[in-house]
Structures are given as C-alpha cells and as structure tokens.
Amino acid sequence: MYRCPTDKTNTANFKTRGNKLFLHLSACPAPATWVIMTAMTRAWWLGGLLLTSSFADEVGLVRIGENWRFTRTPPVATSPAWFEPGFDASGWATGPSGFTFASSLYEATSFYGTSAAYGAVLFRHEFTVTDPAAIEWLTLRLDWSGGFILWLNGVEVLRRNLPGLAGEPVPADFEPEIRPRAGTELIDLTEWQPLILEGLNCLAIQWHESSYGGYGSGLLPELLANFVRGPALQAATPTRQTILWHTAEPTDGWVEYAPDQEALETSEITPTGTTHAVTLTGLRPDTEYNYRVAVRSGDRVARCDERSFRTLKDAGPIHFAVTADVGSGLPRQYRVARVLRQLEPDLVIMPGDLVYPHFVARLTDYRWFSVYAEQLRTTPIFVVAGNHDTAYLRDGTYLESFAMPTNSVPLAEQQLTGDGPVGHYCYSFDHGDAHFVGLYVTMLYAAYDLPPDSPQLAWLEEDLAASDKPWKILYLHHPILSSGPHGTDDNNANGLRDSPELAGRLMPIALRHGVQLVFAGHDHIYERFTPVQGILAITAGCGGGSPYAVTRHEPAGVISFFHGHCVDVRLEGRQATLRALDEFGVEFDSFHFNLAPPEPSLLQAARHTPDFGDALPPDRDGNRVGQTFDFAGEPVAGVAGKFSSPGRLWVNVDDSRLHLGLDEIALLEGDDLMLFLGVQGRPGVSTMAGLGNGLPPPDAEGVNALDLLENLAFAPGFEPAVAIVLGDEFADRNDRQFVRTNVAQILLPEAENTMLTRPVSLGQGVFHLKPGFPDVSGTRIEQFDVLCESGTPAHEQAANHAMVSLPLSALGLVGGERLQVGVVVARGDPLVHSGPTGRWLDSGFIGTSFNGRGFLPAELAGLPVELPSLGLLLHGHSRPNGDVAFSWRIPPDRPCRLQQSETATGPFVDVPGQPEDVSVEDARASMVVPSDRLPPRGTRFFRLRSDP
C-alpha cells in the first residue's frame with residue numbers, strides 16, 4: 001500500500017468498477033528544497049524541435065520515441081504539482097525519448113553541452129486510455145542510469161538510487177552514486193493499475209544523472225499494457241500468417257481471427273511462457289482478416305485491440321517499401337517509421353542494421369520492435385542482418401527475435417547460423433508477381449565473406465531457378481555499387497574493392513535467372529544507379545542512422561541523396577514505379593523501371609509553356625541553382641535498357657513552340673540520348689544511313705553522334721525529320737562539335753572493344769535529318785540534374801533531365817497534327833569498332849517497339865503524339881500613347897489579314913498598313929496599329945481572317 005510521510009497532507013478517493021477497488025491519491029506537495037538551475041542551452045532546444053507523432057495504442061501506453069515535456073528549472077510549488085495530471089507544462093521544452101547526457105549517436109534527445117553536466121531533469125508525458133479495465137498487466141520497460149523517481153497520475157510508484165521514502169523530495173542538485181546503464185529492466189507495475197484513468201493520464205519522472213555521464217548515461221521509459229512486444233506479423237505467405245508476441249510473465253495465449261463478416265476462429269493455444277508465436281494456416285490469398293491476440297494466466301485474461309492483416313497474393317500487382325540502416329534511436333528513425341506507416345504497403349523489406357550499435361536483447365525493443373510496433377500489427381516486415389546485427393557482436397538475439405520464412409530449397413550448410421534454424425539468415429518468399437530473396441551478406445570480412453563456393457550462392461542459384469515469377473528481387477545489406485564510403489572498402493584485404501567483387505559473384509547468377517531489382521543498405525545514403533546488365537540497383541541506407549556523404553563517384557550512379565528516407569515500390573504487369581521519400585514524406589526522386597512498353601496508346605500533348613529558368617544563376621556543374629522540371633500533362637515512360645533508361649517523355653505546346661521534356665533519364669557517362677521527331681503523313685527519313693559523310697572526328701561536318709549511326713532504321717509509318725542529341729549537363733545549346741570531356745571507362749561485356757577511353761566529339765543539339773545535318777534554328781535546350789549535387793565530383797555530368805523547345809515552324813506545325821516520336825540511347829566510341837559504320841545501341845527506348853541491340857541493325861517504331869488544335873490566337877494590348885499592338889501565330893501556307901469593325905457582327909475591313917507594317921519572327925506575326933488609324937472614341941472589334 002502507498003503511504004505518504006506523516007507530515008504531509010493527502011486526500012484519497014475510492015471508487016469501484018466491477019469487483020475491483022480503485023484508489024486515487026493526490027500527490028504530496030512539491031518539495032521546497034529545489035535549487036534553481038541555469039537556463040537551457042541551444043543544444044537542448046534542438047531536441048525539442050525534433051518532434052514525432054504519438055503511436056497511441058492500447059498495448060504501448062507510452063512508447064519509445066514519443067514526445068515528452070521536460071525542464072531542468074524546478075517549478076514553484078503549485079496545485080496541481082508538476083507530476084500530477086492537469087499541470088500546465090506548456091512552457092517546458094519538448095523532445096522524443098530516449099534521453100541522455102552523452103554526446104550519443106543513439107538517443108533522440110541529448111543534454112550534452114548544457115551548463116550543468118549532471119543534476120535533475122523533470123519529465124512529463126500524457127497519454128490516453130479508453131478502457132482501463134482491459135489492462136490486466138502493467139509493465140514499465142526501463143533502461144536507466146543515475147537515479148530516478150517515477151509518478152503515475154500524481155502517485156509515486158517507483159524510486160531507484162535516490163534517498164528517502166516515497167513522497168520525500170530530493171533536491172534538484174543531488175548527485176546520486178554512479179550507476180551506468182546496466183541493461184533493460186521489465187518492472188511489474190500491475191499493483192498500480194488502479195491508478196490508470198479513463199481518458200487522459202500522466203507519467204512523470206524526476207531523473208538525476210551523476211557526474212559520470214558518458215556513454216553509460218540514459219533514460220529510456222516505456223509503459224506497456226498486457227504485452228511487452230507485439231503482436232507482430234512475421235513470415236507471411238498467401239495462405240499462412242505467423243504472429244508473435246511477448247509477455248512480461250508466463251502466460252499461454254491464442255489468436256482469434258476471421259475474414260470480415262465471417263465466423264470467428266481460434267488458433268491453437270501456445271505453451272505457457274513469455275515468448276509466443278502462432279502460425280495461422282489454411283488462409284485465403286489476398287484476403288483481409290481481422291484478428292486479436294489473447295493471453296491468459298490463471299483466471300486473468302487480456303486481449304489486444306482488434307487489428308487486421310491481408311494475406312499475400314498468389315499473383316498480380318503489389319506494393320512494398322524499402323529502408324535499411326534504421327535502428328539508431330534518433331528522431332530520424334521515428335520520422336521514417338511514420339512515413340512507412342503512411343504509405344500502407346503490403347509489406348516492408350529492411351536490408352540490415354536494424355539495431356545500433358549492436359542487435360542485443362536490451363536494445364531490441366527500443367530500437368526496433370517498439371519503433372515499428374503499430375505497423376507490425378498490420379504489415380509484415382521482412383529483414384536480413386547487417387554488420388551491426390550479427391558481425392560485430394553476435395549473441396543469438398537476432399535469430400531469436402524473428403520468425404522468417406523457411407526455404408523450399410534449404411542450404412546444405414548455413415553460413416554462421418550457429419544453432420539457429422535454416423532459413424533465418426537467408427530466405428525467399430513470393431508475393432503477387434514477385435519472388436523476393438533476402439541474402440545474408442553483412443560485409444566481406446573473414447567468416448562473413450561470400451566466396452564463390454559459398455553454400456549460400458549455391459542455394460541462391462537453385463532458389464532463383466525454381467521460381468517462374470516475372471519479377472525477381474534481391475535484397476541484402478552490402479551494396480553491389482556505391483559512391484559512399486563503403487564503396488572503397490576492402491575488408492577481405494585481397495586488393496579488390498568489396499562492392500564490385502560482390503557484384504562479380506552475385507550478378508552472373510542474377511542474370512542467368514532474370515533478377516531485375518537489387519536493394520541494399522550499409523552506406524547511409526540514397527543512391528540510384530543506371531541499369532547494370534538490365535538490373536536496377538538501389539541503396540536505401542538511411543532509414544534512421546546518421547547520413548554519410550558521397551566520397552567518390554560510381555560511374556553508374558545517377559542520383560545521390562544524404563538524408564533519412566525510404567523507397568516506395570509498386571509493380572504492375574511489366575511496369576515498376578519507384579518513389580524515394582525523405583523523412584518528412586516529401587518525394588525527392590521517382591523512377592519508372594519498365595521491362596516492356598506500355599500498351600500502345602496516343603500521347604496527348606498538353607497546352608503549356610514550361611519555365612526554362614532563364615533568371616536562375618548557374619552552378620559549377622552545368623545546372624541552374626533551383627532549376628525545376630516544369631512540364632504539364634501526362635508523360636509516357638520508356639523501356640529500361642541494359643545500361644541506361646531513356647526516362648519519361650513529356651510533350652507540351654503553346655501558340656508558337658513545341659516543348660519536349662525528358663525526366664528520369666539514367667545514362668552512363670558518355671552516353672548519347674537521341675530523340676527522333678516526325679510529322680505523320682509528311683516525308684522524313686527511313687534510315688540514318690547515308691545522311692552524314694561517315695567521317696570520324698575531327699571532320700568539319702561534326703554531329704558524329706548521328707553521322708556514325710548508320711545501323712539505325714525506322715519502322716514503316718515513322719519518318720522522322722528532326723533529331724535531338726542529348727545527355728550532357730554542360731550542353732545547353734546547339735554544338736556540332738561538342739566534346740564529351742568526362743568519358744568513363746566502362747566495359748560492355750557484349751562488345752569488349754567498346755570502351756570510351758578519351759574525350760570524343762559527338763555533338764549535342766537539334767538537327768534536321770538531311771544530308772549534313774543542318775542545325776534547327778531558334779531552338780532552346782536545358783539539361784540538368786534536379787537534385788543538388790553537393791559533394792559529387794565535378795566530372796559527373798550526365799544529365800537526368802532535359803528540356804528542349806523548338807519553333808512550330810521548324811516542322812510546319814499549326815496544331816491538330818499527329819507527331820511520331822522515338823528515343824534511343826547510344827554509347828561507345830565508334831572509332832574502335834571494326835565492323836560496318838554504326839554505334840552501340842542499348843535496348844532501352846521510347847516508342848512502340850525497338851528491334852536490335854549493340855552494333856546490329858536496329859529498327860525503331862515511333863510513338864504517336866497528338867497536338868491540340870491551337871487556332872489563330874490573336875493577342876492585343878493598348879500602349880500608353882494610344883497605339884494598339886497585335887500579335888498572332890502564322891499558319892504555314894495560309895496568309896492571315898487583321899480586320900476591324902465597329903460592331904461584333906461586322907462588317908469587317910482590313911486594317912490599313914498590311915502587309916508592309918507586319919513583322920514576322922519565329923512563326924509569329926506582329927503589327928502596331930497607330931492611334932490615328934483608330935476612331936477617337938467608341939469600341940472597335942478585331943479579328944483574323946485566313947482564306948483556305
């Protein structure tokens with residue numbers, strides 16, 4: 001029973017609920033012996049700015065990472081006291097738990113650097129309970145140093161390493177005996193359950209750290225009802241679902257489940273213990289089941305709130321999310337976790353480093369299960385180990401924590417499994433149209449290496465060969481490509497960089513069995529690469545850990561990003577859509593990875609004038625600071641090639657110009673992206689052969705990107721008249737002799753002699769497809785990278801966005817026509833090819849079909865694009881002197897006359913001064929009508945007349 005000191009006054013309120021007696025005691029008056037502390041420093045306030053949302057559920061009454069109010073300045077004695085419900089702490093600082101006085105990388109709010117290295121900090125956290133009677137067991141999970149007092153709704157319930165009896169004050173400057181963190185405790189507070197109120201409740205802590213501080217400093221509180229871990233979904237399949245949970249004291253338990261509106265079913269009862277797992281079998285694929293978990297000890301039974309899960313699919317489109325390197329305990333981790341929940345994916349995959357600094361029992365809940373608790377109730381998360389999970393400190397906790405899928409083709413010998421079950425470290429599973437494989441590759445070091453004769457590689461070969469899914473996806477901790485600091489690792493000390501060495505072992509197997517996507521972590525960056533042999537690799541390694549910087553430029557790297565993030569992936573048919581979201585849910589990258597062209601359709605051009613950013617200042621890398629990709633309408637996504645992707649094509653038009661935009665371009669350094677444009681029904685060319693002089697640089701004709709492209713022809717019905725050569729951030733104008741100065745040495749296995757080893761003059765710009773490739777006059781080009789490239793080496797200059805504008809008159813367009821557009825990517829130095837004149841063409845394209853690859857003859861079929869009807873579009877405005885200025889677009893071969901009338905219905909007569917006063921430029925006519933040709937007063941109506 002709780003007792004206040006005899007020299008304090010109290011009141012007690014008694015009430016009953018069912019057969020229970022509830023006692024609420026008002027708190028003892030606040031102590032009068034506080035010593036006023038100094039004001040908080042800016043470093044402390046930073047913790048208050050890193051806000052996170054509450055997880056609020058009936059299992060985790062107070063979760064790690066939720067916001068607390070705190071102060072180091074003791075409040076004056078008031079009623080209610082600072083540790084009671086109703087106290088106004090709005091003036092206190094705010095920050096997420098856990099807390100530390102150390103300069104730690106692993107707690108959310110640090111008091112390091114405050115004016116006093118030790119002393120008391122007061123904390124308050126309010127939480128809501130809807131049904132207190134449902135709480136049968138109340139548990140405090142606490143990792144702590146120094147000493148503390150803990151109050152629940154104004155009643156002291158716990159005191160550790162501080163003097164005095166319950167209710168006796170402890171001065172704020174009291175320094176307790178040194179007590180570093182000694183491991184997480186599960187403290188039974190069930191006797192205090194009657195203090196829990198329906199509605200708002202308050203948990204308060206007075207924490208005293210000793211001057212020892214250091215990395216042993218910490219306060220990590222969680223208040224839990226009935227369960228101390230879970231319920232969490234694991235090992236999902238189309239017909240099975242495993243659910244695991246932990247309790248603080250031995251119980252047995254079961255799962256009650258059913259599809260919506262169907263009779264409730266009950267699973268088998270688990271053996272009595274604290275760790276529980278139930279696998280539901282015989283489920284229907286792609287079906288939503290409502291469920292809840294019940295636990296029992298003697299006559300005490302508790303159930304969690306009802307949640308639902310959806311079984312995986314046998315086939316069809318899917319939606320999943322990816323993030324890695326998560327378990328820091330920093331606000332970044334909580335923010336990314338919130339974004340993951342908001343995405344509502346079918347499943348999440350996490351390629352390693354789940355817990356920092358090590359995956360050990362005392363941190364497993366704080367860094368992982370509690371952080372993702374609410375999502376784990378509804379969404380399975382599939383994990384593989386990283387170096388921080390098993391390589392640095394391995395005590396079996398990682399294996400004991402999960403129930404991952406087992407393998408249909410088990411390993412003959414599991415690497416480093418110890419006594420763990422086969423299939424825990426690496427495994428595979430199916431969902432919809434995809435086969436997922438999680439690999440155990442933490443780092444290439446000693447026993448963690450992945451030699452060519454590894455049993456894991458033998459298993460991978462057999463596992464992939466056994467799958468007939470159209471999509472095959474690998475995920476592992478160690479990246480196969482990286483521009484981050486781990487991209488230069490040689491942990492096995494064999495003189496080879498680990499990433500390309502790992503790629504050399506995995507890629508042949510992946511290529512033999514049709515793998516398309518590889519996700520990794522390890523480097524705490526987001527990085528997307530060009531396809532490599534048709535495989536798209538993405539590093540998604542900053543789901544909570546501290547960001548890294550780019551230390552070198554991987555030639556295949558397209559985009560790098562150095563903040564917390566996750567990746568949202570949707571697969572439908574042969575199309576994949578990937579979006580990268582930062583820790584606040586803002587999209588910063590998107591990519592469409594298509595294995596086949598979309599269904600044939602007609603692309604509708606949008607009426608819009610893109611902003612080319614003329615007023616923006618240039619940076620030092622061929623971009624404009626703050627440049628955006630300003631196109632409207634709907635694009636069409638191209639097909640990814642073996643080593644590139646042409647991105648998405650946008651077509652806009654206004655009354656005088658045609659605007660073509662390409663985003664999501666993925667090019668290796670030295671690649672040329674070539675866009676071909678024709679007007680349906682008008683003559684163009686059927687082949688590139690014979691248009692140039694066939695002479696290599698440095699011939700005077702130039703435009704060698706097109707001149708030497710004699711292996712490309714066009715399908716019947718596609719006769720382009722204009723070609724646009726793109727690919728370099730520094731090429732923002734027509735330049736027939738443009739030299740690719742940053743050519744990378746990249747070997748193409750299909751053509752080993754095709755390597756760019758020196759700067760090559762290939763040209764960039766817009767050219768007529770006529771002998772000699774004349775320039776198209778009046779064009780405008782902007783090529784750039786949208787993301788800031790801070791830290792990227794200067795020689796990186798492949799554009800991932802391009803905007804091109806050309807006069808409508810260049811193609812004789814007036815609106816309403818149907819265009820044909822096609823895009824291909826070429827690379828390689830044509831000079832080193834010993835065969836017929838031609839360039840090495842990648843298999844990626846935009847169009848309706850593309851037959852050919854490499855130096856072989858190729859044929860491209862264009863994509864139809866319909867322009868809107870533009871009309872004559874007469875514009876006019878008055879000048880201050882009374883003159884009126886008019887302008888209008890000129891239809892080819894259809895002369896127009898400006899006419900005027902005193903009434904809207906006419907009669908109209910020609911305005912005097914035509915055609916001598918009419919100026920023509922860039923398919924537009926303009927004319928100024930002097931005020932003396934207009935009546936002194938009254939209204940005038942003007943129109944354009946064009947005779948057939």
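Start by selecting Ala493, which sits in the loop between strand 27 (471-475) and helix 8. Helices (H or I, at least four residues) and strands (E, at least two) are DSSP runs, numbered from the N terminus. The model is predicted: local features need pLDDT of at least 70, side-chain atom pairs count only at pLDDT 80 or more, and totals for chains, interfaces and linings use all residues. Residues are numbered from 1 along each chain as its sequence is written, and side-chain values use heavy atoms, with hydrogens and water left out.

Stay on Ala493 and look at its backbone. Its phi is near 55°, a positive value in a residue other than glycine. Most residues other than glycine have a negative phi, and most peptide bonds are trans. Ala493 counts as exposed because its relative accessibility is 65%. The cut-offs are under 20% relative accessible area for buried, over 50% for exposed, and partly exposed in between (1.4 Å probe, protein chains only).

Next, select Ala503, which is placed in helix 8 (residues 498-512). Is Ala503 buried or exposed? Ala503 counts as buried, because its relative accessibility is 14%. Ala503 and Ile480 are 23 residues apart in sequence, and their C-alpha atoms are 4.9 Å apart in space. With neighbours within four places in sequence left aside, Ala503 is in contact (heavy atoms within 4.5 Å) with Ile480 and Pro508.

Move to strand 16, residues 241-259. Of its 19 residues, 16 are buried, so the strand is mostly covered. Which strands pair with it? Two strands pair if DSSP finds at least two bridges between them.

- Strand 15 (residues 229-234) runs antiparallel to strand 16 and is joined to it by four bridges. Select Leu233 to find its bridge partner in strand 16, Ile243.
- Strand 17 (residues 265-266) pairs with strand 16 in the antiparallel sense over two bridges. Here Glu256 stands opposite Thr266 of strand 17.
- Strand 18 (residues 273-280) is an antiparallel partner of strand 16 over seven bridges. Gln241 stands opposite Leu280 in strand 18.
- Strand 19 (residues 288-297) is an antiparallel partner of strand 16 over eight bridges. Trp254 stands opposite Ala294 in strand 19.

Two hairpins are worth a stop here. The hairpin of strand 15 and strand 16 has six residues between the strands, and Ala235 takes a positive phi near 50° in it. In the hairpin of strand 16 and strand 17, five residues lie between the strands, and Gln261 takes a positive phi near 70°.

Another positive phi is found at Asn161. This residue is not a glycine, yet its phi is about 55°. Asn161 lies in the loop between strand 11 (155-160) and strand 12 (185-188). With a relative accessible area of 29%, Asn161 is partly exposed.

Select Gly906 and Pro907: the bond from Gly906 to Pro907 is cis, with omega near 10°. Pro907 belongs to the loop between strand 55 (896-901) and strand 56 (909-910). Then select Gln914 and Pro915. The peptide bond from Gln914 to Pro915 is cis, with omega near 5°. Where is Pro915 found? Pro915 is in the loop between strand 56 and strand 57 (919-921).
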